[in-house]
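Hello,

Here is the structure we talked about handing over. Please open it alongside this note; my findings follow below.

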Amino acid sequence: MRIKTRLLVTTFITILLTTMLLALIVGFAVDMRSQTSKSKIATELVKTTTELIILTGDYFRNHHERSEIQWHSTYSNLLDSMHRNKNDYNLGHAIDSLELLKQYFLRMKSEHQLRGSLQDTQKKQQILEKIDYSERLLFDQVQVNSQEILTLMYKMQEDANLKMKTIEIRVISFIVAFVV
């Protein structure tokens, strides 16, 4: 083989390998950007879910109108965010749980209002005890439901972070293999 032919073959192989390396690096960068975006969304969903749980507890302890308004606002934001991202994540169960949480919240609010009307009219103590029991039961259900939602959000966040680490390992492995 002549020197000119060898140089052309070497140049062609170098250009081909460099192009392949660039294509793989671009592919890894796109994957990493996508997973970073998903991780940010998951983190925001975890944060909003936590806020909703805190507001739920605050409302049930204090029954302030301000807490209720904040609860509904946070609930709407979280539900909208879940609906926007349900194609990227499997959020069907989390959305169902969130809607169940709203039903519990509204039921607890009506129990509290019933308590207030009974105290004003000085009804029997037995009815108030039933309302107390119902409120405790609802609050326990709210706590379980809230933890389920939060667990789903943490799992989603952990999955996104795990995929990012997998991409990082693939990039490092590929670079090491290419250099060696």
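How many residues does the largest nonpolar core have, and which of them have the most contacts inside it? Keep in mind that this is a predicted model. The count is 28 residues. Met 82, Leu 91, Leu 98 and Met 153 have the most contacts inside this core. Four helices each supply at least two of its residues: α1 (3-62), α2 (65-85), α3 (92-121) and α4 (125-179). The top contributor is α1, with eight residues. As general background, nonpolar side chains in soluble globular proteins tend to be buried together.

Leaving out residues up to four places away in sequence, Met 153 touches Leu 45, Val 46, Thr 49, Met 82, Leu 91 and Ala 94. Two of those partners, Met 82 and Leu 91, are themselves among the core residues with the most contacts.

Next, the pairing of α1 with α4. Their axes come within 9 Å and cross at roughly 165°. Angles over 145 degrees count as roughly antiparallel, so α1 is roughly antiparallel to α4. The crossing is left-handed. By class, the contact between α1 and α4 has 23 nonpolar, eleven polar and five charged residues.

Lys 47 sits in helix α1.

Now to Glu 68, in helix α2. Glu 68 counts as buried because its relative accessibility is 14%, and the cut-off for buried is under 20%. What does Glu 68 touch, not counting residues up to four places away in sequence? The partners are Tyr 59, Phe 105 and Lys 109.

Last, a backbone point. Most residues other than glycine have a negative phi. His 63 is not a glycine, yet its phi is positive, at about 55°. Where is His 63? Look in the loop between α1 and α2. With a relative accessible area of 21%, His 63 is partly exposed, since buried requires under 20%.

That is the set from my side. Over to you.

Best wishes

Conventions:
Residues numbered from 1 in each chain as written. Predicted model: local features only at pLDDT ≥ 70, side-chain atom pairs only at ≥ 80, totals over all residues. Heavy atoms only, no water. Core = buried A, V, L, I, M, F, W, Y, C linked by side-chain atoms within 4.5 Å. Buried < 20%, exposed > 50% of the residue type's maximum accessible area, 1.4 Å probe, protein only. Contact = heavy atoms within 4.5 Å. Axes fitted to C-alpha atoms, helices over the stretch in contact; angles between N-to-C directions. Parallel < 35°, antiparallel > 145°, perpendicular 65-115°, else oblique. Left-handed = near helix turned anticlockwise from the far one by under 90°. Nonpolar A, V, L, I, M, F, W, Y, C, P; charged D, E, K, R; others polar.
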